[in-house]
Amino acid sequence: MQRLDGLTSWHADWSQLRVVVLGLGVTGFAVADTLAELGARVLVAASAPDEERARILPVIGVDLVEIGGGDDAADIAALAAHEPELLVVSPGFRPEHPLLRWAEREGLAVWGDIELAWRVRDKIAPAAEWILVTGTNGKTTTTQLTATMLQEAGVRVAPCGNIGVPVLDAVRDPAGFDVLVVELSSFQLHRLPTAGPGALAPLASVCLNLAEDHYDWHGSAEAYRDAKAKVYANTRVACVYNLRDEATMRMVEQAEVQEGCRAIGFAADTPGPSDVGLVDGILVDRAFHDDRRHSALELGTLSDVAAAGLATPHGLANALAAAALARAAGAPVIAVRDALRRFRVDAHRTETVLEAAGIVWVDDSKATNPHAAESALTAFRSVVWIVGGLLKGVDIAPLVARHRSRLRAAVVLGVDRSAVLEAFARHAPDLPVFEVEPDDTEGVMTGAVRAAAAAAHDGDTVLLAPAAASMDQFDDYADRGRRFASAVHQHHGEGAPHGDDPNDAPGTVD
């Protein structure tokens, strides 16, 4: 343990450190590759490892053992034979996993990839500043938009982390960066220490919002909240929080931050002297302004936000949060404005697929929990709602009750249909509800679109906002969204959108 405490630099002595890496996804491979480059002795333990990555491991001097066959004792023995001093775990492994329980009993240090990346962040000098982004919803958009604002300011910046690019890959990029904007999931935050040699000290941080999600993984609402709150620990310049979400304000109030760190609020409302907000359709900054007691700086307009694909309430909130983070890092007002004007939100985030016969078809497949779906529902007046999937232990009934008045009909799909159907029966008993029976993946969206088209009237929006994860019937939320778009175009006799084969696209994570 004393040796591990001293490993706080790329240039420390990592040679021959015996490490087990759990998982061989994108993150696990980046961890193994990094440790091998540092000279550690690495064993990767993975179930059904990716063949291409598995072929590369021997080339970089890393061993592989397959686990997960149902014999926990054999898996533990395979790891114990390596005599590890450290275990680095990929985000998907639940805290109660037998191998993590074994490591705990043995007193082994357990890190996540984010802690490792922080410890070796100085490979390219000077080390980049870190900006941390988390929240139940909006993380990826806010991460990308913050990076775009800093890029407009001439900063060498990389969005990374849960967004799809491992932080370790960004840290090791030979070009080097001035700032890393790091999206963090609750799984990654769960493993982060808030004190000691592995604790992060970001320039700025934000928890965008807190809503019911991933309780099945964390075990309780309190554990999920505590994981998210870690994002603020040791922040140096600005803790950005949501003025409309009291939980994020409480996180900031309770956080141990560095002296001089400021709390910066955001909301689509008239801002206070330490906030960013909205006045007469103009996004304004009263936080990073010398005369903030008496005036504000213009950051952009609602037209700019709408052109970027951020016209929904949560989209505007993401834009304000990104502006606060970028301003905390020194981006001038003009860079924020220009970034808003050139930014375009990623696919599957309240994306209009088609307008035909007076009906608008909208893909918000990224709405993988009720909080995200609620924001999408709020943006439209009359909705045929395509909903359902893998609920992840959350209750959808309150969402149904709140939005009954704007629903024309509902189309229910996914393995957890019974809970969704019960919610409609209880809170919207007179609403037309169509159930898409289990089918092969090819047929699910065809059936859903056919049912939605039959229910929709002129002026309605057919909204795919499942409020649930996708892995029950699809590869991921992007696959779900692509198949929805393809089914919509085929229903209207247009064929699949150009270049959008639902069977030919990289995976993403719910």
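Helix 7 passes helix 14 in a right-handed crossing, where right-handed means that the near helix is turned clockwise from the far one by less than a right angle, and left-handed that it is turned anticlockwise. The model is a predicted one, in which local features need pLDDT of at least 70 and side-chain atom pairs count only at pLDDT 80 or more, while totals for chains, interfaces and linings use all residues. Residues are numbered from 1 along each chain as its sequence is written, and side-chain values use heavy atoms, with hydrogens and water left out.

The axes of helix 7 and helix 14 (residues 313-328) come within 8 Å and cross at roughly 45°; these axes are lines fitted to C-alpha atoms over the stretch in contact, and angles run from 0 to 180 degrees between N-to-C directions. Helix 7 and helix 14 are therefore oblique to each other, a class that takes the angles left over when those under 35 degrees count as roughly parallel, those over 145 as roughly antiparallel and those from 65 to 115 as roughly perpendicular. On the side of helix 7 the contact (heavy atoms within 4.5 Å) is made by Thr141, Thr142, Leu145, Thr146, Met149 and Leu150, and on the side of helix 14 by Asn318, Ala319, Ala321, Ala322, Ala323, Leu325 and Ala326. Sorted by class, this contact of helix 7 with helix 14 has nine nonpolar, four polar and no charged residues, where Ala, Val, Leu, Ile, Met, Phe, Trp, Tyr, Cys and Pro count as nonpolar, Asp, Glu, Lys and Arg as charged, and the others, Gly among them, as polar.

Helix 7 (residues 139-152) also packs with helix 15 (residues 333-342), at an angle of about 125° and with the axes 8 Å apart. Helix 7 and helix 15 are therefore oblique to each other, and their crossing is right-handed. Leu145, Thr148, Met149, Gln151 and Glu152 of helix 7 meet Ala335, Val336, Asp338, Ala339, Leu340 and Arg342 of helix 15, and the contact holds six nonpolar, two polar and three charged residues.

A further pair is formed by helix 11 (residues 221-229) and helix 12 (residues 246-254), whose axes come within 10 Å and cross at roughly 60°, which makes helix 11 oblique to helix 12. The crossing of helix 11 with helix 12 is right-handed, and in it Arg225, Lys228 and Ala229 of helix 11 meet Arg250, Met251 and Gln254 of helix 12. The residues of this contact divide into two nonpolar, one polar and three charged.

Lysine 228 lies in helix 11 and, at 1% relative accessibility, counts as buried; buried means under 20% relative accessible area, exposed over 50% and partly exposed in between, with a 1.4 Å probe and protein chains only. Residues up to four places away in sequence not being counted, lysine 228 touches several residues, including Thr134, Lys139, Leu184, Cys207, Leu210 and Met251. Threonine 248, which lies in helix 12, is also buried, at 0% relative accessibility. Leaving aside neighbours within four places in sequence, threonine 248 is in contact with Cys207, Leu208, Asn209, Leu210, Tyr232, Tyr241 and Asn242.

The chain as a whole has 20 helices and 20 strands, taken as DSSP runs (H or I of at least four residues for helices, E of at least two for strands) and numbered from the N terminus. Buried residues make up 55% of its 510 residues.
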